[in-house]
Amino acid sequence: MAEHDRLKLSIAKADRTTDFFILKYSSTERGKTVDVAVTDNDGLPYNLSGLDLYFVEELYNGQIIVDDGKQENAGKFVNVDSENGKFSYQFQEGVYQYDGWAHFKFMQGDNLIDTTVGFAIKIIDDIDSDLDEKSYVAYFENIKKEHQDWLDKAKELLASAQDLNSDNYKIVSNCQTALDDLTKKHNDLQTQTNNLSQTVTNNFTSLTGRIDTLNNEKDQLQTQVTQLTQAKNDLSTEVNNLKNVNEDLKQQIKLLTPVHVASMDDVAKQDAYFVIVDN
């Protein structure tokens, strides 16, 4: 079984310290667990009895994770030793996406009782040729942020160096050169990110247009099918009408046909009653 990271966290005080733990994980890792020991301000184990445990992290992209370990796809609180202030927490999947600043808080119902001091979570991006375009965009965004951080630090150093006397001109010049180089790299990276984002947008727009065209063609075919169905029904009605007319004609012909045709002898006998008078 993989060895867990260990954190010894005290309850947060009003006077904050610049010392803090840093946990580093790969963006492709999952299921990492940290063993936590919480101490009170006097250094003794913090009693967690009767308290609900929460993991809280503010990601650098502005999102906030609040996890009590009870929801679907949440992390897990295990091996809780309340009296000795110990527990283990298995991180949820959202933790591995971005860097963040985290802590644990302890609630009793809706009341916040205490929080631990904070600790940093650093996510190291793994990148290979199998990643899609959106993953590359996220990767370059992370690199761009790191470059911006270094750029800000370099500007601070330059501002401090500019306060030095003329004997330190060479240092100032070197800082300016480094700043210019870093600025150029940052701008190049920004251009790459913008180009990649535009490619993703163009591909999405093209695909959307193709889908709309196929939907229009489908609607046109559906209309033609409806029209042909109606024409078929009209033709069937017309055929039935012609059949009815044919039957009517047959009946009329039958009525016009004599039931018995007289023989020639009968006709001759009838003629004997007529006397033709010739004036």
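The mean pLDDT of this predicted model is 79, and 77% of the residues reach 70 or more; pLDDT is the predictor's confidence in each residue, from 0 to 100. Because this is a predicted model, local features need pLDDT of at least 70 and side-chain atom pairs count only at pLDDT 80 or more, while totals for chains, interfaces and linings use all residues. Residues are numbered from 1 along each chain as its sequence is written, and side-chain values use heavy atoms, with hydrogens and water left out.

**Overall build**
- The protein has three helices and ten strands, taken from DSSP runs numbered from the N terminus (helices are H or I, at least four residues; strands are E, at least two).
- Reading from the N terminus, the order is β-β-β-β-β-β-β-β-β-β-α-α-α.
- Of the contacts with a separation of 6 or more, 67% join residues 24 or more positions apart.

**The inside**
- Buried residues make up 22% of the 279 residues, where buried means under 20% relative accessible area, exposed over 50%, and partly exposed in between (1.4 Å probe, protein chains only).
- The largest nonpolar core has 27 residues, and Phe-55, Phe-87 and Ile-121 are among those with the most contacts inside it.
- Strands β1 (5-10), β2 (22-26), β3 (33-39), β4 (52-59), β7 (86-90), β8 and β10 (119-124) each supply at least two residues of this core.
- A nonpolar core is a set of buried Ala, Val, Leu, Ile, Met, Phe, Trp, Tyr and Cys residues joined through side-chain atoms within 4.5 Å.
- In soluble globular proteins, nonpolar side chains tend to be buried together.

**The surface**
- The accessible surface comes to about 20500 Å², of which 51% belongs to carbon and sulfur atoms; areas come from the Shrake-Rupley method with a 1.4 Å probe, and for residues only the protein chains shown count as cover.
- Trp-101 sits in strand β8 (residues 100-108), and Trp-101 counts as partly exposed because its relative accessibility is 40%.

**A look at Asn-79**
- Asn-79 belongs to strand β6 (residues 76-81) and is exposed, because its relative accessible area is 60%.
- Beyond its neighbours within four places in sequence, Asn-79 is in contact with Lys-86, Phe-87 and Ser-88.
- Asn-79 and Asp-35 are 44 residues apart along the chain, with 9.0 Å between their C-alpha atoms.

Technical notes
Contact = heavy atoms within 4.5 Å.
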